[in-house]
Amino acid sequence: MDHRAPDRAVLTGERGEDMNCYDCPGTPGPAVAVCIRCGAALCRTHVHESHPPTQDISGTGRASHEKPARHITCGACRAAETS
Ligand SMILES: [Zn+2]
Ligand SMILES: [Zn+2]
């Protein structure tokens with residue numbers, strides 16, 4: 001782990017704006033999204049966005065003309081989903 005100067009207020013116990021990418025080796029980049037499966041914060045390099053059919057909508061019957069849901073996952077979860 002590298003020690004960056006704590007020049008900014010550390011957000012404690014709150015999911016704030018200052019999250020860093022979980023998948024970045026070395027110095028993490030700023031996170032722009034969060035994996036929906038494992039909750040890892042992800043930068044633009046490591047985020048995987050897909051638009052699977054809205055098959056997880058069940059019961060309400062409103063999936064006919066919905067736009068495909070955005071599906072944000074990290075590399076590990078994407079690999080798990082597509083294997
Ligand atoms: Zn990253
Ligand atoms: Zn994940």
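Predicted model: local features only at pLDDT ≥ 70, side-chain atom pairs only at ≥ 80, totals over all residues.
## Nonpolar core

The largest nonpolar core has nine members: Cys21, Ala31, Ala33, Cys35, Ala40, Ala41, Leu42, Val47 and Cys74.

Leu42, one of the core residues, has contacts with Cys21, Tyr22, Asp23, Ala31, Val32, Ala33, Val34, Cys35, Val47 and Cys74, when residues up to four places away in sequence are not counted. Among these contacts of Leu42, Cys21, Ala31, Ala33, Cys35, Val47 and Cys74 also belong to the core.

## Overall architecture

The protein consists of 83 residues, of which 13% are buried. Its secondary structure comprises four strands and one helix, arranged from the N terminus as β-β-β-β-α. Considering contacts between residues at least 6 apart in sequence, 33% link residues at least 24 apart.

## Confidence

Mean pLDDT for the protein is 79, and 63% of the residues reach 70 or more. Over residues 8-13, pLDDT is below 50, and this stretch makes three contacts in the model beyond near neighbours in sequence.

Among the elements, β2 has the highest confidence, with a mean of 97, and β3 the lowest, with a mean of 93.

## The loop between β2 and β3

Strand β2 covers residues 41-42 and strand β3 covers residues 48-50. Both Cys43 and Thr45 lie in the loop that separates these strands.

Cys43 counts as partly exposed because it has 18 C-beta neighbours inside 10 Å, and a residue needs 20 or more to be buried. Apart from neighbours within four places in sequence, Cys43 is in contact with Cys21, Cys24, Gly29, Pro30, Ala31 and Val32. Of these partners of Cys43, Cys21 and Ala31 are members of the nonpolar core; Cys21, Ala31 and Val32 are also contacts of Leu42.

Thr45 is exposed because 11 other C-beta atoms lie within 10 Å, and the limit for an exposed residue is 12 or fewer. Cys24 also has a listed separation from Thr45: their C-alpha atoms are 8.5 Å apart, and the two residues are 21 apart along the chain.

## Ser50 in strand β3

Ser50 is located in strand β3, which spans residues 48-50. Ser50 is classed as partly exposed because it has 13 C-beta neighbours inside 10 Å, whereas an exposed residue has 12 or fewer. The C-alpha atoms of Ser50 and Arg70 are 6.1 Å apart, while the residues are 20 apart in sequence.

Terms used
Residues numbered from 1 in each chain as written. Chains lettered and ligands numbered in written order. Helix = DSSP H or I, 4+ residues; strand = E, 2+ residues; numbered from the N terminus. Core = buried A, V, L, I, M, F, W, Y, C linked by C-beta atoms within 7 Å. Contact = placed C-beta atoms within 7 Å. pLDDT = per-residue confidence, 0-100.
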